[in-house]
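The structure comes first, then the points by topic.

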Amino acid sequence: MPEAVLFRGARVIDPSTGHDAEADVLVAGERVEAVGAGLDPQGAEVLECAGLVLAPGLVDLHTHLREPGAEHKETIATGTRAAAAGGFTAVSSMANTDPVTDHAGIVAEIRDKAAESGLADVFPVGAITKDLAGESMAELGEMVEAGVRMFSDDGNCVPTARTLRNALVYAKAFTAEVVIADHCEDASLVAGGHMHEGVHSYSLGLAGRPAEAEEIIVARDLAIAHATAGRIHICHVSSARSVELIRRAKADGVRVTAEVTPHHLVFTDDDLVGYDTRFKVNPPLRTAEDRDALRAGVADGTIDAIATDHAPHAVEEKESEFDQAPPGTIGLETALAAVLTHLVLPGVVELSRAIEAMSATPARILGATGHGGAIEPGRHANLVVFDPAETWVVEPPFASKARNCAFTGSELMGRVRHTMLRGSLTVADGKVSR
Ligand code: DOR
Ligand code: ZN
């Protein structure tokens, strides 16, 4: 149940308005009632926030919730629990479920489950092609009708230029707000590969997935978006040259947005020398030069958003041989702290820009109204409060059902204290409500 809460004396950072100053925030029912200095609690529960940051609840553009079909890895209940624990109030759930989210029936099923057991709002992503097979178009029309705004075959790359062109043209015909998101890896170049192709893949004896596999598809997608004036979103950018391609396309007026994951912003292929499957992800972790270019891309806005690609897998799946293990790392519970520790603390990205890339901007890309700010009277109270200075070591158990976390064992700075979804505390004092 929504309660009346007064967050007292936080540093309120609201990238959507540019607000960055100390204030009290009073919440009544589902909404923000007042923002200002020395507010009267009016009987509300008072949460002391001196030294803490209060920001819009985080929004993830790229979460694999695994339900329906792989509930042994994660469920809507456990995945949104992980989201709340990490300060997220909304997540965009990828379509590689089983059955695939390729028609309105599955969209409704996911939304119903989320409303019943979710600790965050779930915005289902629809598949571009039926069954993610890359051939015939999924039921885009009925899914748009059902409110879906993002389509992706993520896990798979849209295999042909013609299919991508059809999707961009088709999507644009419904509403200008629809976005096509692509997992950019050329299938012929990554076939059989398990990590970034380079000195480490040669010395480890593992087949590689070269950077150009991504860059070829990014270039293709940008050319088609330019030609069709369609809206393209590039998922989990991993290479320096991809950042440069996106930068130039933006200067050219192409309607492109892009995301990067915390793991690609922190780790490199150096981290794979112990064959640790926690670092096996698609696209793969690349070189320090790539990582630095991704950081610079976030700083200058070429990369719009930071998205987790939260990809839960069962312990026994990830414990197999490196070449057998499925790709992916969970990320919802560590995203904010990873960004604060590795981008904000060293001064690469301003705190307000980091928050924008994790809240206001993804909310805008997704059309997640009510999320990402503004923190103003009358708006839904979707908020996160975090301690920017608390350090902690990432260790299981997680709120997620999974444990395959690339950050396990890392010391991070910045910890979520409270998360509020429409006036209800989903996390209070660091504890998830259920
Ligand atoms: O590492 C990844 N895992 N990359 C993807 O694109 C898919 C994801 C998954 O579904 O496990
Ligand atoms: Zn992907």
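**Cysteines and the zinc site**

The sulfur of Cys-157 has its closest cysteine sulfur in Cys-184, 5.7 Å away, which is too far for a bond. The model is predicted, and the distances and angles below are computed from it.

Cysteines
- Cys-157 is buried, at 15% relative accessible area.
- Cys-405 also counts as buried, with a relative accessibility of 1%.

Zinc donors
- The zinc ion (ligand 2) has three protein donors: Asp-154 through OD, His-183 through ND1 and His-236 through NE2.
- These donors lie 1.9 to 2.2 Å from the zinc ion.
- Along the chain, the donors of the zinc ion (ligand 2) are spaced as D-x28-H-x52-H.
- His-183 and His-236 are 53 residues apart and link distant parts of the chain.
- His-183 sits in the loop between strand E10 (179-182) and helix H5 (187-190), while His-236 sits in the loop between strand E13 (232-234) and helix H8 (240-251).

- His-183 has a relative accessible area of 4% and is buried.
- His-236 is buried as well, at 1%.

Geometry at the zinc ion
- Four donor atoms surround the zinc ion (ligand 2), with angles of 81 to 127° among them.
- A tetrahedral site needs all angles between 85 and 135 degrees, and with angles reaching down to 81° this site is irregular.

How values were computed:
Residues numbered from 1 in each chain as written. Chains lettered and ligands numbered in written order. Predicted model: local features only at pLDDT ≥ 70, side-chain atom pairs only at ≥ 80, totals over all residues. Heavy atoms only, no water. Donors = N, O, S within 2.8 Å, 3.2 Å for Na, K, Ca; no water. Tetrahedral: all angles 85-135°; square planar, octahedral: opposite > 155°, others 65-115°. Helix = DSSP H or I, 4+ residues; strand = E, 2+ residues; numbered from the N terminus. Buried < 20%, exposed > 50% of the residue type's maximum accessible area, 1.4 Å probe, protein only. Disulfide = S-S within 2.5 Å.
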